[in-house]
Amino acid sequence: MAGLWVLGEVTPDGTLAHISGEVATLARTLAEAAGQEVAGVVVAADPAAAAAELATFLPRVLAVSEPAAADRPWSMVAAERIAALLEPATAEFMFVGAGPDGRDLAGALAAMRGWGVLANATGAAWDDGSPVAEMSVFGGKLTTTSRFTGQTGIVTVRPNVVSAAPAGKPGSVEAVEAAGGDLSQPAVRVERVVEAGAAAPIEEARVIVAGGRGVGGPDGFKLVEDLAEALGGAVGATRAAVDAGWIPYGQQIGQTGKIVKPQLYLALGISGAIQHKVGMQTAETIVAVNRDPDAPIADFADLVVIGDLFAVGPALLAELRARSG
């Protein structure tokens, strides 16, 4: 077994989840610095496509076929099969995305193996034989570092803290028989509800246009949506806008929402409170439109337009449409 493992998540269409590419990039970089072996594992009813994608990031990937993953909660199925692959009394560390499935898998695997979990890492380094995880706490006001007390553990990695970068050459994929006997959990998935929205998940969008309390209501988000469409991007929002019922929770960005890292983040009527900042501060370029020159977002945005968003927004939209013909 490898010293470092990446647990690949599979999307409903059978491809590799974007966050798994980010986690694999972090684990590979860590393994290279530490002189450790790194490998990946994918558990699915048909793991071939996702395993092949994960192999573009890692030198070796195990593909575990488990038919039960098609109609049962994936995280529990994957945890049982992965736990059966692990060798006792071996120094091994697991890395998985800190999304809903990844968190469930980490909790289940930790309970099965008695391992510790370092949750929501924003970075990692290698020191004295084990990973040291960096975490953002207290709404992004402090950064802490934590490590395991033993030679095993699980690290969950927040989305968009690492840019996914394939390795110089693709690795190998090895088909592995599912180990561990009969699955112990009888839960069966009876329905899958897919939220309507943009073609790409907001976490993967290259451009995001977000609205806050200053948008004024659900009608104000029509301008946000029009600008997002003109820029080929996705729509985001602050918690205040979501709590007011103006936009679905799936588009909330911030400490209690999504963590995003677009090339362009256009913030309309957003003050820039720390709880929102932690979800979008890693954007390459932040442009804010706000009537208040003293709004917190002015301290970290790359460009601030002081003005009424309902004057600035339509003018920007007209210019974008004119340029696109």
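Author: Asparagine 160 is buried, because its relative accessible area is 5%. Buried here means under 20% relative accessible area, exposed means over 50%, and partly exposed is in between, with a 1.4 Å probe and protein chains only. This is a predicted model, so local features need pLDDT of at least 70 and side-chain atom pairs count only at pLDDT 80 or more, while totals for chains, interfaces and linings use all residues. Residues are numbered from 1 along each chain as its sequence is written, and side-chain values use heavy atoms, with hydrogens and water left out.

Asparagine 160 sits in the loop between strand 8 (152-157) and strand 9 (172-176). Helices (H or I, at least four residues) and strands (E, at least two) are DSSP runs, numbered from the N terminus. The backbone of asparagine 160 deserves a check. Its phi is near 65°, a positive value in a residue other than glycine. Most residues other than glycine have a negative phi.

Asparagine 120 also has a positive phi, near 60°. Its setting is strand 5 (residues 117-127). Asparagine 160, by contrast, is in a loop and is buried.

Next, helix 1. Threonine 25 belongs to helix 1 (residues 18-34). At 6% relative accessibility, threonine 25 is buried. Leaving aside neighbours within four places in sequence, threonine 25 is in contact with Phe57, Val162, Ser163, Ala164 and Ala165. Contact means heavy atoms within 4.5 Å.

Leucine 30 is in helix 1 too. This residue is buried because its relative accessibility is 5%. Which residues does leucine 30 touch, not counting those up to four places away in sequence? They are Leu4, Phe95, Ala124, Ala125, Trp126 and Pro131. Take Ala124. Leucine 30 and alanine 124 are 94 residues apart in sequence, yet their C-alpha atoms are 7.4 Å apart in space.

Histidine 18 is another residue of helix 1. With 37% relative accessibility, histidine 18 counts as partly exposed. Its C-alpha lies 7.6 Å from the C-alpha of glutamate 204, across 186 residues of sequence.

The protein is divided into domain 1 (3-176) and domain 2 (202-324). The bounds come from an automatic or database domain assignment. How far apart are the C-alpha centres of domain 1 and domain 2? They lie 32 Å apart. The contact takes ten residues from domain 1 and nine residues from domain 2.

Serine 75 is found in helix 3 (residues 74-85). It is buried, at a relative accessible area of 9%. Not counting residues up to four places away in sequence, serine 75 touches Asp101, Asp104 and Leu105. Leucine 142 lies in strand 7 (residues 142-147). Its relative accessible area is 46%, so leucine 142 is partly exposed. With residues up to four places away in sequence left out, leucine 142 touches Met135, Ser136 and Val137.

Now the whole chain. The protein has eight helices and 14 strands. Buried residues make up 46% of its 325 residues. Among contacts between residues at least 6 apart in sequence, 64% join residues at least 24 apart.

The overall dimensions follow. The C-alpha trace spans about 65 × 45 × 35 Å along its principal axes.

Last, surface and charge. The accessible surface comes to about 15,200 Å², and 52% of that belongs to carbon and sulfur atoms. Areas come from the Shrake-Rupley method with a 1.4 Å probe; for residues, only the protein chains shown count as cover. There are 22 positive and 36 negative side chains. Lys and Arg count as positive, Asp and Glu as negative; His and the chain ends are not counted. The centres of the two sets lie 3 Å apart. Each charge is placed at NZ of Lys, CZ of Arg, CG of Asp or CD of Glu.
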